[in-house]
Amino acid sequence: METPDHEVFRDSIGTITEEGKRAWVFPKKPSGRYYDKRKIVSYILLIILLVSPFIKIHGNQFLMFNVLERRFNIFGFPFWPQDFKLFVVSLLIGVVFLALFTVAFGRIFCGWICPQTIFMEMVFRRIEFWIDGDRGKQMRLDRQPWNAEKIRKRLIKWFLFLLISFIIANVFLAYLIGGDEVISYIKEGPANHFSTLISLIIFTAVFYFVFAWFREQVCIIACPYGRLQGVLLDDKSIIVAYDHKRGEGENGRKKFRKNEDREALGHGDCIDCFQCVNVCPTGIDIRNGTQLECVNCTACIDECDTIMDSVGFPRGLIRYASEDEIEKKEKFKFTARLKGYSAVLIVLLVVWGGMLFSRNALEATVLRLPGQLYQHKENNIISNVFTYKLINKTNDDIDDVTFKLADYPGEIKLVSASDTFVVPGQGLAEGTLFIEIKQSDLKGDKNELTLEVYSHDKLIETTTVSFLGPRSYK
C-alpha cells in the first residue's frame, strides 16, 4: 500500500539531493522587523568581536586564548594553568547556561548570537546580494555560461570574500597570540615572521572555505549544538514555529483568491506561497515542523508576516511559540526542568565567584628536588633542597619577596645573591632554596611544613612542603 503524501518525511538533510549531491541554497533577501533587530544585534557583536583582542583592562587583554603559552584572559581576568579548576567551572557554567537557554528558547543562540550565522548572513550573504542580486538573479547567474558578466561578478565576490577572510584570520590570530603581538608583526613585516604568515594563510583558507563554500553545512553537519537540539527541546520550548492549526484548517492550504470565503471552504490561512521556504538560509520548509537545519533566524517569520499583511490576514502564522501553545493554547511556564537547570547554574556561579575572588595574586609551587633526600650537617642540622616557582597573575611587579617558615623554627637559604627577589608582572620567578631545621625540632622522618611568602613583610601566599629527616627509633 502506498503511503499518503502527507505522511512522507525526508530521511536526509535538505541540502542533499536524492542523488547525494549538494543542493545549493539560494535564499531570498530577508527583510522585516526581526531582521532589522538582528542587524543591530549582529553589528554590535561584530564590533565587540573585532575589537576585543585589542582592548585592555588593567593591562590585560579583554579576551585572549593563548594555548601555546597556556595563558588565557576572559573579560580582563588572567587565567594560568594553575587556575585549571576555575577554567573547568567556567566551561561547566557555559554548558549549563546553554542547555537552560535552549530548553527555554530553543536554538535562538544560533540565529542571533552565533559568529557563524552573523558572519554568514550579515556579512558574506549581504555582499552576495549586493553583487549577484536577489534569489532569482543568483539562480540565473549560476545557470548561465561563463561570460564576461559572470566572470566579473565571481571575481569581485571571491576577492571580497578572501579579503574579509584574511581580516577575520588576523583577528582570530590576535585572540591566540595577543593583539599587541599581531600589531607588532604587521609593523615589522611578514618576512620577519614567516611561520606566523603561514598560520595566517591557513586560517584565511579555512575561513574562506567555510563562508564561500561550506556555508550552512557548518550548522547542519559540523556543529554539535544543532544535534543537541533534539535532546534539549520539548513541547514547552519557545521556538520558531508554524501554527499548523491556523495555517492548515480542516481542508489544508490553498492559494489565495480575492473575495473567497476560505473559512467556509475549510482552508487555513497559509496560502502556499512558499516564501518562507525561499527565504530560509538552510533551505527547509518550516511548515513541516521543527527540523535539525532550523537555526531560528526568524527570516520566515518576517516573510510570512509580509505576506499576511498583503492578503489582509493577521500576522503570527509563523512566530515564536511552543508546541503546547499551538496545540493547547498554553503560555510559557517555568517548568521543573528549567528550575533544575537554574538551580545547578546558580550553584556553579556561586562556586565560580568564590573561587575567583579568593584567588591570590601570586601562585607558589615549592617541590623537593628530584632524587634528593636530606643532608645531615653540623650541630644536628637537617637540610632539604627544594625548587620553587612563583607566578605573578597581576601586571605589576611584586618585589622584596621572601620565604618564611610558619610552624617550625628553622632557616631558609636561597641559592641566589640576595635573600629577596622580584616576581615580574604577568611572569614567573623560579629558583632553588634550602630549608634547614634542627633534628630535635623534627617530629619524625616526614614533616609537613607551611611555607609563607611575603612581600614587604606582607603575607601574600602560603604553601606546604614535605620535609624529610632521619627516622627516629625509640
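**Cavity, pocket and a helix pair**

Colleague: Which helices each supply at least two residues of the lining of the largest cavity?

Modeller: This is a predicted model, where local features need pLDDT of at least 70 and side-chain atom pairs pLDDT 80 or more, while totals for chains, interfaces and linings use all residues. Residues count from 1 along each chain as its sequence is written, and side-chain values use heavy atoms, without hydrogens or water. Helices here are DSSP runs (H or I, at least four residues) numbered from the N terminus. Those with at least two lining residues each are H13 (275–278) and H14 (299–311).

Colleague: What is the volume of the largest cavity?

Modeller: A cavity is a set of points on a 1 Å grid over the protein atoms alone where a 1.4 Å probe fits but cannot get out, and lining residues have an atom within 4 Å of a point. Its volume is the space filled by probe spheres on the points, which are joined across faces, edges and corners. The search finds five cavities of 30 Å³ or more, and the largest has a volume of about 100 Å³.

Colleague: Which helix supplies the largest share of that cavity's lining?

Modeller: The lining has 15 residues, with Cys270, Cys273, Cys276, Cys304 and Leu317 nearest the centre. By class, 11 are nonpolar (Ala, Val, Leu, Ile, Met, Phe, Trp, Tyr, Cys, Pro), three charged (Asp, Glu, Lys, Arg) and one polar (the others, Gly among them). The largest share, four residues, comes from H14.

Colleague: How many charged residues line the largest pocket?

Modeller: A pocket is an open set of points with protein on both sides within 12 Å along at least five of seven lines. The largest holds about 1700 Å³ of space, and of its 37 lining residues Leu63, Phe65, Phe75, Phe109 and Pro115 are closest to the centre. H2 (84–105) gives the most to this lining, with seven residues. By class, there are 33 nonpolar residues, four polar ones and, for charged, none.
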